[in-house]
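Biologist: Hey, I'm new to this one. Could you walk me through it?

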Amino acid sequence: MKVGVVETPGVLKLVEREIPKIKNANDVLVKVKRVGICGSDIHIFHGKNPFAVYPRVWGHEFVGEVVETGTAVKSVKKGDHVVVEPIISCGECYACRQGRGNVCLNLKVFGVHIDGGCAEYVVVPEANAHILPADLPWDEAALIEPFTIGAQACYRGNVQKGDYVLVMGAGTIGLTVAAMAKLYGAIVIVSDLIDDKLAYAKSRGADYTINSGKENIFDRVNEITGGMGANVTVDAVCVKKTFEDAILLTSVAGRVVELSFSETPSEIAPVNIIKKEISVHGSRLQTKRFPVVIDFVKSGKLPLGGFVSKVYPISQMAEAFDYTEKNNASVRKVLISFD
Ligand code: MN
């Protein structure tokens with residue numbers, strides 16, 4: 001079978017490997033149909049992910065059809081369409097005991113710590129395979145994982161109906177946060193520097209948009225919220241200034257959700273956090289968000305059509321990476337197809 005592997009940083013190759021075999025009774029063999037290219041895959045390609053070990057089959061956003069099941073598998077059967085939850089946690093450490101396996105001490109992420117989804121076949125534990133409606137197009141199914149990241153940010157920020165939610169950044173992740181916040185009944189404000197991205201956010205349901213390069217974001221947020229500030233601010237831009245601004249733009253009793261892996265320190269005076277009793281939450285990967293997103297998709301409340309920028313056949317994997325990198329400002333999601 002064909003697999004896409006980052007052999008060493010900077011070296012991306014399509015190679016032949018044996019089709020993997022089911023080893024555990026609760027494993028399933030999935031024939032992969034689509035794998036999405038994420039910003040983090042590009043980082044792994046360039047050796048900028050501190051957790052990645054090489055050589056590594058990349059890909060954590062993948063969907064496919066179950067073609068074989070282990071003897072103890074009960075929840076899925078041959079022929080089921082599934083999206084793979086790409087994290088494996090130990091179930092025993094403090095985080096796991098708190099129900100937060102996404103920050104497990106022994107966390108393994110497909111495509112990062114262990115081989116991922118850019119392969120014609122992948123063996124995954126039954127618990128990681130979530131069943132999808134059989135009529136959901138593969139191109140849409142592959143978007144479920146990115147939307148779980150948006151769902152996690154809303155969950156961490158405890159987004160409530162009627163909350164003003166400010167999403168900083170209208171890239172792929174910012175758009176998923178905005179969409180999920182709308183589903184929870186929030187009034188959604190999206191900021192970015194690029195008008196085209198803001199227009200797209202608006203077309204997908206954002207109530208207000210702010211071009212923070214042309215407008216004063218503090219004035220605009222105050223105007224929209226009647227001087228209160230955003231009840232939840234999600235930083236999906238992830239630079240020093242957006243983290244600082246997020247604290248200052250958030251209301252009394254508000255929440256800040258940080259998605260950045262940046263190592264650059266920010267300058268926040270503690271008084272800005274304590275006087276409004278703001279909670280600052282990290283949001284990493286997701287926990288228990290797959291069923292949430294799948295239910296919204298099933299009910300028709302989360303339309304996924306029109307989100308994919310381009311689909312490449314596996315034979316053009318290198319071109320797909322190249323296109324994604326060169327069109328960073330306009331690409332929402334590029335997929336690889338195994339059809
Ligand atoms: Mn991703």
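Biologist: Which protein donors does the manganese ion have?

Modeller: C38 (SG), H60 (NE2) and E61 (OE), lying 2.1 to 2.6 Å from the manganese ion. Donors here are N, O and S atoms within 2.8 Å of the metal (3.2 Å for Na, K and Ca), and water is not among the atoms, so sites may look incomplete. Keep in mind this is a predicted model, where local features need pLDDT of at least 70, side-chain atom pairs count only at pLDDT 80 or more, and totals for chains, interfaces and linings use all residues. Residues are numbered from 1 along each chain as its sequence is written, and side-chain values use heavy atoms, with hydrogens and water left out.

Biologist: What spacing do those donors follow along the chain?

Modeller: It's C-x21-H-E. C38 sits in the loop between β3 (27-37) and α1 (39-45), while E61 is in strand β5 (residues 61-69), 23 residues apart. Helices (H or I, at least four residues) and strands (E, at least two) are DSSP runs, numbered from the N terminus.

Biologist: New topic: where is the cis peptide bond?

Modeller: Between Y54 and P55, with omega about -5 degrees. P55 lies in the loop between α1 and β4 (56-57).

Biologist: How is the protein chain divided into domains?

Modeller: Into domain 1 (2-143 + 304-337) and domain 2 (149-282), with bounds from an automatic or database domain assignment. Their centres, taken over C-alpha atoms, are 29 Å apart. Contact (heavy atoms within 4.5 Å) takes 12 residues from domain 1 and 10 residues from domain 2.

Biologist: How many salt bridges cross that interface?

Modeller: The rule finds 0, a salt bridge being a side-chain nitrogen of Lys or Arg within 4 Å of a carboxyl oxygen of Asp or Glu.
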